[in-house]
Each structure stands twice: as structure tokens, then as C-alpha cells.
Amino acid sequence: MMDVPNALIRELSLDFKAQFGRSPSLLVFAPGRINVIGEHIDYNDGYVCPAAIDKFMGFAIGPANGDLSLITALDLNEEFQFDANDTFHPEESHWTNYFKGVLSQFSTENIAPFQLCFKSTIPGGAGLSSSAALSCGFAYALNEWTKAGKSKKELALIGQRTEHLFAGVNCGLMDQFASVFGQKNHLLWMDCQDLSFSYVPADFESYTFLLIDSKVKHSLADSAYNQRRREVEKAKDKLKATFPEITSFRDVNVKQLEQVKAEIGETSFNRASFVIAEIQRVKDAMKSIENQRFEQLGSLLNETHHGLSALYEVSCIELDFLQAQSLTCAGVLGARMMGGGFGGCLLVLIHQDDVQSAITQLSKQYLAKFGIEPAAYPVKIGQGIQHMNWHEQV
Ligand code: GLA
């Protein structure tokens, strides 16, 4: 049984039929994600704690009539026609890059011409990983289409390489793993060093997560992301050179970092300080979740926010404002900016009875301060990528 709204399944099938005059052979749904804690450490030897959510990038695919393949972006009303066995190169910031990046990694397969349309229910620019859902969802669809037999892990890696090589973002693997391996009502406890993971029940008793979308996405977010990586790698290289016993950020203590401060400079020092503290916070958060100590979890979320804002410097005034205000709302145990940063969503841990009043209060305050109406999404933890063949259709 698919964990995807029937309405979306029907809508996408009808869209395909309207575009291409027949029913699709296959439907694929790749979810967005939240991340409870462990931010900006998936590429820093850390642990992360994401989960798939009930918002999807949906793909419908079927055979093409001629030699060329065609992809229709339903939300943009744009098309991309190509020979699937061509060689692909990235273009400046274009949605087709995500498809080209994936196609280029299936270059050893013989790809039968296909028609595909896709649409999203994941709010774009909100830090909910719509781009990972796009690349991983398409990789999954192409894997089914070509019967290439790639593993889920390979598909996640294809998604990540697409970001690196075709979108210019040197991201970690958290988003792709969450989209591919997510499990309903579970968090993914992922070790980003060896890529192992386990599932932890997402049981927060009477508490729940709420997303407040700031509706801002400051430009330069991608280049700032890559710059953070460089700054933090500078610190790691120096630490490794100075202390041969250090192989990863997990081995570093604050005293060692202090010792290299003068050489790496204030900025890299701050970035690395955040990383070391965040690695510890994720471990503490997992214990809090296991022991159902949600006040403690809330405090850790607040600490993460302050670190991301003051030390890693990936927050923005809108998110800092929302975070501070959220703590004045009834029933809130903690909140933090989520994802890459520079805009997107605030993740709030809140008592389930207080969700509506917090939405009302924060919307009013945010509108008064920035003239922007935020969006609010109560979080439902869903299943990772799913597919259905047309004959199974409801
Ligand atoms: C983006 C990246 C992830 C991760 C987060 C920050 O979502 O794609 O790999 O680094 O930012 O935690």
C-alpha cells in the first residue's frame, strides 16, 4: 500500500494522460525531509537525524513514440526534449541540470526513449530538500525504467553527485538518504562517516514538530554553503597536521581547537567550534528521544540554532526573529532553523494542543515585522521513495 495521497496519484496519472495521450507505465514519489538535529555536519564527520515527510516530488513515466525522450515540468509548464543516450553538460541554474546529472550517471545503460512528467508538493526554497527529491526520484525512476538494478544507496549517491557536478552545491548525503531510505513514523539515525543508519521511532508523546516557512531564500545560499565547507576544512586540515591522532572531527576536543586558533583564524575556528558541539548535541538528542525527555531535546534544538546563527553564520534575521518569537509561544519546547539556511523553515518542537495558537501568533508577529505571511506545515513523517506500476493503480 502506497503512503502517498490518492489525490496526488490520480492527478499525476491524469496529467500524464493529458500530456502524452496515454496512461503512464510507472509512478514514482520521492519525499522531502525534515532534520531533527545534526545540521551542517553530514559533510563534517557527524551524525544526523532526518526523516522523510508527507510532501513529494511525483514522476510519471512511459514509453516515447520516436527516438527522443521528453520531460515536462508540470509546475513550470516547460519541456526538455533530448536523446537519452547523449552526453550531458550542466547549464547555468536550470531545472534540467538535475535530470542531466542523473542521466549522465546512467551512461552505461541503454536508455529506451521515454516520456516523463513531474510535479511537486514540496514547497520550493523552504529547506525541505525538493532538489534531493528531484534527483533521487528521477534516479529511482530511471533505475526502474532501464532495469539497471542499482541499489538505493547508489541512487542516493547519484543524487548527491548530481548536486555536486550539475548544480554546483557540494552537499552532504543527508537529504538523499532521507528521501531514499525514510520510513514512516521513524527518524533515520545516520552515521555520516560510514553511511550506516538505523531507524528510531518518532514517538514524541504529546509533542509534535511544526515547520514555519519564513518564505525567504537569500541569494548566494549555494555559494555560502560551499564557502562554509572550505572554511571548516581549513580547520580540519590544520588539526590533522598538528595532532596526528586526529582523523575526523569526532576526535577533536575544544582544547586542541584552541591551540590552532591563531593559525586558522577566527572564522574557521568558529565553524569548527560549531561542528564539534553539534556532533555532541546529536548524541545527546538521541538519548533525550530514547528517554522521552523532550524539554532537554528542546534546549538542544535552541543551542543548535544559536550555533548555526552565531558561529556557523547560516541563519538570517528572519529566522532569528521567528526562532526567538517561537519561544514565547505556549507549548514550545525549542526551535531552530533547519537545513542549509539563509532562509527556509524554522523547526519547532511544540505540544500538539498549541500548534494552532503558535501559528496564529507567529504569523501575526512575522507579518508585522517583515511584511511577509509565513506558511506553516505540521510535520507528518512518511515513507521514503515509493513507486507503483500502472496496473496497480487505485
Ligand atoms: C543542505 C544539504 C545537506 C546538509 C544540510 C545542512 O540541505 O543538502 O547535505 O548539509 O544542508 O545540514
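Mentor: Two strands pair if DSSP finds at least two bridges between them. Helices (H or I, at least four residues) and strands (E, at least two) are DSSP runs, numbered from the N terminus.

Trainee: What is the strand order in the open sheet of 4 strands?

Mentor: The order is β10-β11-β9-β12, with antiparallel pairing. The model is predicted: local features need pLDDT of at least 70, side-chain atom pairs count only at pLDDT 80 or more, and totals for chains, interfaces and linings use all residues. Residues are numbered from 1 along each chain as its sequence is written, and side-chain values use heavy atoms, with hydrogens and water left out.

Trainee: What makes β10 and β12 edge strands?

Mentor: β10 and β12 (375–378) each pair on one side only. From one strand to the next, the twist averages 20 degrees.

Trainee: How do you know that β9 and β11 pair?

Mentor: Count the bridges. β9 and β11 share 8, in the antiparallel sense, and the definition asks for at least two, so they pair.

Trainee: How does the span of α8 compare with the expected value?

Mentor: α8 (residues 294–310) has 17 residues. The expected span is 1.5 Å times one less than the number of residues. That gives 24 Å, and α8 reaches 24 Å from its first C-alpha to its last, close to expectation.

Trainee: Which residues of α8 are buried?

Mentor: Among them are F294, L297, L300, L301 and L308. Buried means under 20% relative accessible area, exposed over 50%, partly exposed in between (1.4 Å probe, protein chains only). The buried residues of α8 pack against β9 (207–217), α7 (254–290), α9 (317–326), β10 (332–337) and β11 (343–351).

Trainee: Why is N77 called exposed?

Mentor: N77 has 68% relative accessibility, so it counts as exposed. N77 lies in the loop between β4 (69–73) and β5 (78–82). Its phi is near 60 degrees, a positive value in a residue other than glycine.

Trainee: Is E205 buried or exposed, and where is E205 found?

Mentor: E205 is exposed, at 52% relative accessible area. It sits in the loop between β8 (197–201) and β9. Phi of E205 is near 50 degrees, again positive in a residue other than glycine.

Trainee: Why are α3 and α5 called oblique?

Mentor: Helix α3 (residues 130–146) and helix α5 (residues 174–181) pack at about 55 degrees, with axes 9 Å apart. Angles under 35 degrees count as roughly parallel, over 145 as roughly antiparallel, 65 to 115 as roughly perpendicular and the rest as oblique. The pair is therefore oblique. A132, A133 and C136 in α3 meet D175, Q176, S179 and V180 in α5.

Trainee: What makes β2 and β8 edge strands?

Mentor: The open sheet of 3 strands has the order β2-β7-β8, with antiparallel pairing. β2 (47–48) and β8 each have a single partner strand, so one side of each lacks a neighbour in the sheet. β7 (residues 186–191) is joined to β8 by 5 bridges. M190 stands opposite F197 in β8.

Trainee: Which helices lie across β2, β7 and β8?

Mentor: α5 does, running at about 135 degrees to β7. α7 does too, at about 145 degrees to β7.

Methods:
Contact means heavy atoms within 4.5 Å. Axes are lines fitted to C-alpha atoms, for helices over the stretch in contact, and angles run from 0 to 180 degrees between N-to-C directions.
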